[in-house]
Amino acid sequence: MPIVLFVNGSSHQLDVPDDEPLLSVLRNRLDLTGTKYGCGEGQCGACTVLLDGKPIRSCRTPVSSAAGKRITTIEGLEQDGRLHPVQQAFLDNEAFQCGYCTPGMIMGAVALLTSNPRPSEQEILRGMQGHICRCGTYQRIVAAVEQAANRNG
Amino acid sequence: MNQAPEFLIEDRQHDSIRRLAHVFDLERRDFLKLLGGGVLVGISASSPAQESGGAHRQDSEGNIPDSLAAWIHIAEDDAITVNTGKVEIGQNIRTSLAQQVAEELRVPISAIQLVMADTALTPFDAGTFGSRTTPIMGHQLRNAAATARELLIEMAAQRWQSDPATLSAADGKITNTKTQQSITYGELAKGQQLARTIPADPAVTPAKDWRIAGTSVAKVNGRAFATGSHRYTSDLTRPGMLYGKVLRPSAFHATLISLDASAAEKIPSTKLVHDGDFVGIAAPDEYTATRALNALRAQWKIMPQPSESELYNYLRKNPEPAVKGVRRRDRQVSGSIEQGLASADKTLAQTYTVAYIAHVPLEPRAALAEWNGNDLTVWTGTQRPFSVRDELAQALRISPERVRVIVPDTGSAYGGKHMGDAAVEASRLAKAAGKPVKLVWTREEEFTWAYFRPAGVIDVKSGVRRDGTLVAWQFDNYNSGPAAIATPYDVPNQQIEFHPSDSPLRQGSYRGLAATANHFARETHMDEIAHLLAMDPLQFRLKNHSDSRLRAVFEAAANKFGWGREKSSATRGFGIAGGVEKGGYVATCAEVAIDPSTRNVKILRVVEAFECGAIVNPNGLRNQIEGAVVQAIGGALFEAVHFENGRILNPHLADYRVPRFGDLPRIEVEMLDRKDLPSAGAGETPLVGLAPAVGNAIFAATEVRLRALPLVLEGLGQNSTELKGS
């Protein structure tokens, strides 16, 4: 049976197996490749997207469980050519090297700031613990999240 | 210290495949035709790489030689293109190289386009490794850009019949400073078919006068990473593309006894390839490919092989089988080690070990292969596109001229992406399927079928006088490697040797190579001697070397850290370490906290001073240093590949712990900018001080000396040995 997905404000009707990971559907069937495969175990956070505003690991989420819910990917953050404040903060702090973890990292940070608009440094470290940046830019990512939080006023 | 043999042996660690130099096969005229005319300055591939002053090797007409290392092209429409075979893997050279060209050409950074790592478009390059891009390619490109600038000035002078000394280059134009007459580079290039190599002594801008180089230019395509729009290899698609999967043996060196593919072959649109021990699947989507792979039933014959429990003994007792004509042993002797030890007041002998660790690039190995008749194009994340091209040619029995390898900016590598395994596999599947095939390794494949940083055993025997003068230094490294094996300390009697072993696991290049292991052993041992003599570890180090650059980083790190200000306690320790490698000078101070109940070690604060000559991009360098410190925490405190009889026991991120946010110490970086010195690379050396600094801090707190990486206090006593004085 076809599944209907609402991704970044558009709806897509897809004929895919129920248990195909959402990550695979986003990347391979909708060509939304900003969301990355890093481990397939839910350990690295590179595949993070928002499901009704909550962060999920799309590599461990069967597409059927995302049906009918609002899915936001990294491609959905930019509005009318303007970067999301978290994206801008990552750029301002150059909080990346190879950039492969960055989309998942940004989605995780957006979710963190949605649930806690003014997190302490400890809360940022705890909130982002499920994301791996192998290049080791954590200190800059913390600074970027703090910068974006300060814009929350 | 003799650099040359070490460099050669180190090269072999990067490159197990030897090759003849590639001969660039385009005719000069074709070359400019291809580029649409204009002005081209090429860098001869035979130029002595690191020598200052550039290379002088052009033919009598001043034309480009057959073999180039890189070139800069100025087109009629003002477009400035730099072609280099180097790859961008997060180290930010797309930005730092562009900065250096922009500096010499007097144009904004946005005017420069870098074409990187495409074997059809860029000249041969041995690979991106060994911290060589900045000192070699950067140096060459500055020379080439300065040559282009002078050439454009000459052209304008000729056109205007004026004295070149009255002309200046700025903002993409040549201007006559007297008449204010000006002309753009593009207008000068119009209708030209001009090609040059670099003269002996191009007028390169000294670092103290840099205005674009030497500044914190933002990553050139940073926005593409923040929006997810950058396409890594694993993100690419081609029309009609299939998804590939490879059946992996149940252990290393296993041979296939039987294969039952009947269930897999019943899955529609699935292509099975069975060629020797290679079994792979190509299917229209990833889900189907995975399902078909899981439906294969295979039986493997496993060979008994060494396990982790016997690793260090094995490395010591099993030298690498001799390769004909290649002597990998590297022995450096000065003075007499026997006399040195005999003359010492105290001697110390200890053994240090380092585990195999994995690179864990977040983008796994990936390739997309497409055949067009007998021509093959492969997009893949590799540090050595030209050797992967040759690997493909050999594996698929076609000539290298028929293979094109393209490397999109890649999701990191850390020395782990030298080989073309995924490229070969995807190409084999694509050949059989008659359609393009993309293959992305799973994390488990990454952890198992890639290769590892060599494990190693290092024996150190030293002799010292009561006043703290080192008199003897014997250093034997089994398998880990020769990088940074030489001591930077002044010791009259030395014997230093690298003994390659027959490695139980596939091993290869790694960020920093053996510099991490050799610094760990050396700087831990130095700390042990200091304690044996009841000397301050920093003073002991400063007393034993005469290198002013090394002294400068030690003092800078110690000052910023407040070394000696606070005494270590049972739960809080302070440690220091440092060294020199690949032209970079590093000193690291660490503060650790020891949990008295769990014996867990947490690094609270790291201060690192680093000096690599003139800094090309301060923010980029700071990012590299901070990142290196974080990556080094993994190898220092928890990373180790566990294996038993040909199987990896922890091939998942849940079992192989890498540094996370919670492991982050406060990192303070002190960069010493030596504008009077040539720029060296910085991708590797900032890693090497962390592990010994942390180990020394653990000792300062607990009096337990850990001599094995990773440093683990659990099972207190297991790793500890009492200091022995003589």
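Colleague: Which domains does the assignment give for chain B?

Modeller: In this predicted model, chain B is assigned domain 1 (20-219), domain 2 (233-302 + 365-440) and domain 3 (327-356 + 452-709). Taken over C-alpha atoms, the centres of domain 1 and domain 3 of chain B are separated by 39 Å.

Colleague: How many residues does the contact take from domain 1 and from domain 3 of chain B?

Modeller: Domain 1 of chain B gives 22 residues and domain 3 of chain B gives 20 residues. On the side of domain 1, α3 (93-105) and α4 (133-160) of chain B each supply at least two residues, and the largest share, 5 residues, comes from α4(B). By class, that side of domain 1 has 5 nonpolar, 15 polar and 2 charged residues.

Colleague: How should I read a sheet, and in what order do the strands of chain A stand?

Modeller: Strands of a sheet pair through backbone hydrogen bonds, either parallel or antiparallel. In chain A, 5 strands form an open sheet in the order β2-β1-β5-β3-β4, with mixed pairing. β2 (10-14) and β4 (54-57) of chain A stand at the edges with a single partner strand each, so one side of each has no neighbour in the sheet.

Colleague: In what sense do β1 and β5 of chain A pair?

Modeller: Strand β1 (residues 3-7) and strand β5 (residues 70-72) of chain A pair in the parallel sense over 2 bridges. A:Phe6 has A:Arg70 in β5(A) as its bridge partner.

How values were computed
Residues are numbered from 1 along each chain as its sequence is written. Chains are lettered from A and ligands numbered from 1 in the order in which they are written. This is a predicted model: local features need pLDDT of at least 70, side-chain atom pairs count only at pLDDT 80 or more; totals for chains, interfaces and linings use all residues. Two strands pair if DSSP finds at least two bridges between them. Helices (H or I, at least four residues) and strands (E, at least two) are DSSP runs, numbered from the N terminus. Domain bounds come from an automatic or database domain assignment. Two residues are in contact if their C-beta atoms, placed from the backbone, lie within 7 Å. Ala, Val, Leu, Ile, Met, Phe, Trp, Tyr, Cys and Pro count as nonpolar, Asp, Glu, Lys and Arg as charged, and the others, Gly among them, as polar.
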